[in-house]
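This report describes a few local features of one protein model. Please look at the sequence and structure below before reading on.

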Amino acid sequence: MLIALCGVFVSGCGTWMFPSELRLDAGVTRELRGAGKILEEVDWTDTWSDVDIFGKIFMVDGGESDVVAAVADVADRLKELEWQIIGHPDGEFEMTSGRWKDVIVIVTSYDAFIFDDAENAYAGLALANAAKRSESRSLVIVAARPDDR
């Protein structure tokens, strides 16, 4: 009897202690739409250590000819929404929010964005189509994902 109860206990807490998927809260998505004129918004998935991660990619029209300034402007808009910069490597901004725990956002230019569209081909196509529709040609990517750190 004791062995059976231990087996139930262990299997019952497995998903609680070790989640099999991580998703963004819908409030994060609504808030990130305040980054600017959204040309495209797509879902993407990734798997890391048997955990499925579900994120969002927003393509924002930077609204000016200088893409470096456009990336900084989008990051500034997110700062106004209480996102904080935690890193600034190679022209991109890594941001987190005190309101949305365990979420990381990357703000970068379209040209510098590294995206493996082999698993998410529809997302790569959507981003390419949005690039064609941009009036300013200063395209900014806002990529959000749950952070399991």
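Thr29 is buried, at 9% relative accessible area (buried means under 20%, exposed over 50%, partly exposed in between, with a 1.4 Å probe and protein chains only). Thr29 belongs to helix H2, residues 26–32 (helices, H or I with at least four residues, and strands, E with at least two, are DSSP runs numbered from the N terminus). Beyond neighbours within four places in sequence, Thr29 has contacts with Glu41, Lys56 and Phe58 (heavy atoms within 4.5 Å).

The model is predicted: local features need pLDDT of at least 70, side-chain atom pairs count only at pLDDT 80 or more, and totals for chains, interfaces and linings use all residues. Residues are numbered from 1 along each chain as its sequence is written, and side-chain values use heavy atoms, leaving out hydrogens and water.

## Nonpolar cores

A nonpolar core is a set of buried Ala, Val, Leu, Ile, Met, Phe, Trp, Tyr and Cys residues joined through side-chain atoms within 4.5 Å. The largest one has 21 residues, and those touching the most other members are Leu32, Leu78, Trp83, Met95, Val105, Val107 and Val142. Two or more residues each come from H2, E3 (51–61), H3 (67–80), E5 (93–97), E6 (103–109) and E7 (139–146). H3 gives the largest share, five residues.

A second, separate core holds 17 residues, among them Leu39, Val51, Ile53 and Ala123.

## A charge over a ring

The charged end of Arg23 sits over the ring of Phe54, 3.8 Å from the ring centre (the cut-offs are NZ of Lys or CZ of Arg within 6 Å of the centre and within 35 degrees of the ring normal).
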